[in-house]
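Visitor: Hi! Could you walk me through this one?
Guide: Happy to, here it comes.

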Amino acid sequence: MNTTQLASKSFAQSDFWLFSLYIIGTFECVFWLFNAFLIIIELYDFPSIDKYRIQKHRKKLRFQPELVNLMIKETLRHQISTIFLTPVLYYLLNYFGHLDIHGPRPSWSTIIYQLTLFILAEDAIFFWTHYLFHTPWLYKAVHKKHHVYTQPTGVVSVLSDPWEGLQNQISIWLMPIVLKDKHLFTLCLWIVIRVYQTVNAHSGYDFPYISTQYWFPSIMSGALGHDFHHQHGKWNYGSFFNVWDRLMGTYRSSTNNKRN
Ligand SMILES: [Zn+2]
Ligand SMILES: [Zn+2]
């Protein structure tokens, strides 16, 4: 084997390369599978599916070309930014602990315990930073860009000002970063859960069983709650749960949002 072959072999098998492949690959798969479905039901009218559209009183997005063009531009920008963020994430995950890439999968009890920590930390950080983003100065300077979309759809979940993008990444990754031992398998599962949650919240459709508020209605948030937030520019600041909103008096029953 010559030097070039050796170099390419070690790069292909390097931890950083595998990490990037799995992290970006998992994100792209879940994000685009869910969004492909939402794009198809946006482009073609299926009455059996359209009956679940939350903002039926408004035209579908495909009749609003300015918004669609903005979404395409911003989605491309986000896709490029993920490539640059992955090395930073890899460095931080290793700096504060050990990231296991090749080792055996952790036990399911460890995986469930860590995922529970990730979800609870994300939900708390997201609620409080989002709550602050709705104070007048921060709303105008940062968060307004996300609220351009009063009628959200899946891709809107990642469209925001770069400062808000950073807030999102911190809420998702702070707990995995500070945790001493983490495994790539658990991190990929975490991406599946978080991407599903946020694309569903922005989907614009109140699908029974698919939308998370149907799973544990008294504590979980979902598409109705976050759609209500986009329509009105306030209330329902949480991500996974509505518990912080209930405590802070910012919870609005998502059933109020139904327009049949
Ligand atoms: Zn908001
Ligand atoms: Zn949103």
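Guide: Helix 4 and helix 7 cross in a right-handed way (the near helix is turned clockwise from the far one by less than a right angle). This is a predicted model: local features need pLDDT of at least 70, side-chain atom pairs count only at pLDDT 80 or more, and totals for chains, interfaces and linings use all residues. Residues are numbered from 1 along each chain as its sequence is written, with chains lettered from A and ligands numbered from 1 in the order written.

Visitor: At what angle do the axes of helix 4 and helix 7 cross?
Guide: Roughly 30°, and the axes of helix 4 (residues 65-95) and helix 7 (residues 162-178) come within 11 Å. Axes are lines fitted to C-alpha atoms, for helices over the stretch in contact, with angles from 0 to 180 degrees between N-to-C directions. Helix 4 and helix 7 are therefore roughly parallel (under 35 degrees).

Visitor: Which residues of helix 4 and helix 7 meet?
Guide: Ser-81, Leu-85, Leu-89, Leu-92 and Leu-93 in helix 4 meet Gly-165, Gln-169, Trp-173, Pro-176 and Ile-177 in helix 7 (contact means C-beta atoms, placed from the backbone, within 7 Å).

Visitor: New topic: how many helices and strands are there?
Guide: The protein has ten helices and two strands, as DSSP runs (helices H or I, at least four residues; strands E, at least two). From the N terminus, the order is α-α-α-α-β-α-α-α-β-α-α-α.

Visitor: And what box do the C-alpha atoms fill?
Guide: Roughly 65 × 40 × 40 Å, along the principal axes.

Definitions and conventions
Parallel < 35°, antiparallel > 145°, perpendicular 65-115°, else oblique. Contact = placed C-beta atoms within 7 Å.
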